[in-house]
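Dear colleague,

Please find the structure below, handed over for your use. My findings follow directly after it.

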Amino acid sequence: MKWSVLAILSGLLTWPALAADPAPGFSVEGQVSHPLHLTVADLKQTSGVQIDASFEVKGQTEKGSYVGVSLLDLLNKAGIIDGEAKGSHLRHVIEVGGRDGYTIAIAMGEIEPNMEGKPVLIAQLRDGQPVEPAGTVRL
């Protein structure tokens, strides 16, 4: 499943129309102090994290080596706004919507290093090649 990613914290989902926007990208908005809109070109300037991943697609296991930007790093750059209640940071849910209409949710505790610490990337490369379709990113 290919994702052109939009990550948010409990907020509004916005994706620029590709026909109207010459530089498609994604936004980090909602409960953040510095909302971000990034293009694929922006991500290429900050890339560097690599992970090997495997996943199921139509009953088959696919594997790949991905290079991109850590989702947690982008969320930290945007400045997550926490409440004052105990554990408020872990109450955030990140909603990711793709241009294909699929939406997923990631609990903050899943990506926090002190909790489950899953590596989640906004990847531009798979096995050394740009992800398909060209000009997009993959979660």
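In this predicted model, strands β6 (residues 93-97) and β7 (residues 103-107) pair in the antiparallel sense, over 5 bridges. Within that pairing, isoleucine 94 stands opposite isoleucine 106 of β7. The hairpin formed by β6 and β7 has 5 residues between the strands, and glycine 101 takes a positive phi near 95 degrees there.

Alanine 105 also belongs to strand β7. With a relative accessibility of 56%, alanine 105 counts as exposed, because the threshold for that class is over 50%. The C-alpha atoms of alanine 105 and glutamate 95 are separated by 4.5 Å, although the two residues are 10 residues apart along the chain. If neighbours within four places in sequence are left aside, alanine 105 is in contact with Val93, Ile94 and Glu110.

As general background, nonpolar side chains in soluble globular proteins tend to be buried together.

Helix α2 deserves a separate paragraph. Its buried residues are Leu71, Leu72, Leu74, Leu75 and Ala78. Viewed down the axis of α2, these buried residues fall within an arc of 160 degrees, so they line one face of the helix. At the start of α2, a side-chain oxygen of serine 70 reaches to within 3.2 Å of the backbone nitrogen of leucine 72. Just after the helix, glycine 79 takes a positive phi of about 80 degrees.

The next topic is the open sheet. It is formed by 4 strands in the order β4-β5-β8-β9, with antiparallel pairing. Its edge strands are β4 (49-57) and β9 (129-130), each of which pairs on one side only. Strand β5 and strand β8 (residues 121-126) run antiparallel and are joined by 5 bridges. The bridge partner of valine 69 in β8 is isoleucine 122.

Which strand holds serine 65? Serine 65 is placed in β5 (residues 60-70). Serine 65 has a relative accessible area of 15% and is therefore buried, the cut-off being under 20%. The side chains of serine 65 and glutamine 50 are joined by a polar contact of 2.6 Å. Not counting residues up to four places away in sequence, serine 65 touches Gln50, Ile51, Asp52, Leu125, Arg126 and Asp127.

Finally, a word on the confidence of the prediction. The chain averages a pLDDT of 79, and 82% of the residues score at least 70. Over residues 1-22, however, the pLDDT is below 50; in the model this stretch has 82 contacts beyond near neighbours in sequence.

With kind regards

Methods. Residues numbered from 1 in each chain as written. Heavy atoms only, no water. Pairing = 2+ DSSP bridges. Helix = DSSP H or I, 4+ residues; strand = E, 2+ residues; numbered from the N terminus. Buried < 20%, exposed > 50% of the residue type's maximum accessible area, 1.4 Å probe, protein only. Arc of directions from axis to C-beta. Polar contact = N/O pair within 3.5 Å; in protein donor to acceptor, adjacent residues only side chain to side chain. pLDDT = per-residue confidence, 0-100. Contact = heavy atoms within 4.5 Å.
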